[in-house]
Amino acid sequence: MSFIDLTELSEDEDTHYVKRPKHESSVDFIEILDADNSQDSPPKAIEIDCTNDTVPVKKKLPLRNGLSLLMKQAAQTSKTGGVEGIVQFDNFITADMAQGLIKSFESTFKYHSGKSGNYEAVRWGALVDYAGRKATEGSNTPEFLNPIIKKLRDPAAPWASYLRDWVPNEGNICNFIKSRGDNLRDHFDDRLLSGPIIVSIGLLGTATLTFKSFPKSATQPQIDAGLVSPVNSFSNHLPEFSLQLLFGKARYEYTHGIANNNLHTERRMSLVLRQVKVS
């Protein structure tokens, strides 16, 4: 797996980087766009070829479709491998919006320490029975999240094509404290019940999410105990206030987790939303 530092991109506003046709590349790509673009100035767009160790050859192209391209403005702090199934939008929410959300639920956190890691969390929505492999209807989505849901469902937004048929019915907010030793273990969001796309929003602080693929024969207990090594891995920086969509290969073939040393601020808080399959 090749890694590419997106901070090396040219500042030339007329320059675009273009990924070669898929049949010429053995690795797909991650997309990062700026969610705070002016309608009067359509975003210049780029795709990054992750099969090389260097930035790909420059080529000028007209803008075709913002959802299939990468934004330079949003790529300043990202360093990642190119596995299909991650789309990231920087500046999805404002600092004021994030602080308003935090004030709405901060007093309801409960500390969790177990197989999924160590952190505080508040949960709502569908009730998932992982042992029984089923889920039933649960509590409604909290009203304070309505502005976020509305923004995610905006048909004119650059992420609209990914979320057109997506209606969240389950979610959680996690609060990580670095000095407490908090972490998120390597895991899959349930591949049967948690839906084809996982939506996460950074409300406070920054972190690096590490993705790992393991042999198909590996079990979660073996992964948890460190008895099996990953065959591939890459990392993705999660800026404050960003939106990340996780689907496809990155969703179903790679675990994701945050080690304590990958919490880059004393406090990291994130909102995760899913469309759980209920029976």
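This is a guided tour of one predicted model, stop by stop.

**Before you start**

Residues are numbered from 1 along each chain as its sequence is written. Because the model is predicted, local features need pLDDT of at least 70 and side-chain atom pairs count only at pLDDT 80 or more, while totals for chains, interfaces and linings use all residues; side-chain values use heavy atoms, without hydrogens and water.

**Stop 1: the whole chain**

Show the chain as a cartoon. It has five helices and 16 strands. Helices (H or I, at least four residues) and strands (E, at least two) are DSSP runs, numbered from the N terminus. Of the 279 residues, 50% count as buried. Buried means under 20% relative accessible area, exposed means over 50%, and partly exposed lies in between (1.4 Å probe, protein chains only).

**Stop 2: helix α1**

Select residues 95-105, helix α1. Which residues are buried here? They are A98, L101, I102 and F105. Look down the axis of α1: the buried residues fall within an arc of 100 degrees, so they line one face of the helix. The arc is that of the directions from the helix axis to the C-beta atoms. An α-helix has 3.6 residues a turn, so residues three or four places apart point the same way.

Turn to the other side of α1. D96 and K103 are exposed there. What covers the buried residues of α1? The cover includes β6 (117-125), α2 (146-152), β9, β11 and β16.

**Stop 3: strand β11**

Select residues 198-204, strand β11. Seven of its seven residues are buried. β11 and β14 pair in the antiparallel sense over four bridges. Two strands pair if DSSP finds at least two bridges between them. S200 stands opposite Q244 in β14.

Five bridges join β11 to β16, and the two run antiparallel. I201 stands opposite L271 in β16.

Zoom in on I201, which is found in β11. I201 is buried, with a relative accessible area of 1%. Leave aside its neighbours within four places in sequence. The contacts of I201 then include F92, I93, I148, L152 and M269.

**Stop 4: the cores**

A nonpolar core is a set of buried Ala, Val, Leu, Ile, Met, Phe, Trp, Tyr and Cys residues joined through side-chain atoms within 4.5 Å. The largest has 32 residues, and L152, L203 and L245 have the most contacts inside it. The elements that give two or more residues to this core are β4 (86-90), α1, β6, α2, β11, β14 and β16. Apart from it lies another core, of 19 residues, among them C174, L184, A207 and L209.

Go back to L245. Beyond four places away in sequence, L245 touches residues including I86, V87, F89, W159 and V199.

**Stop 5: strand β9**

Select residues 170-177, strand β9. Start at E170. Is E170 buried or exposed? E170 is buried, with a relative accessible area of 10%. Show the side chains of E170 and R274: a polar contact of 2.8 Å joins them. A polar contact is a pair of N or O atoms within 3.5 Å; within protein, one must be able to donate a hydrogen and the other to accept it, and residues adjacent in sequence count only if both atoms are side-chain atoms.

Move to G171, also found in β9. G171 is buried, with a relative accessible area of 0%. G171 and L273 are 102 residues apart in sequence but 4.4 Å apart in space, C-alpha to C-alpha.

**Stop 6: two loop residues**

Most residues other than glycine have a negative phi. Select N91, in the loop between β4 and α1. Its phi is positive, near 60 degrees. N91 is partly exposed, with a relative accessible area of 41%.

End at R133, in the loop between β7 (127-129) and β8 (134-136). R133 has a positive phi of about 60 degrees although it is not a glycine. R133 is partly exposed, with a relative accessible area of 38%.

Definitions and conventions. Contact = heavy atoms within 4.5 Å.
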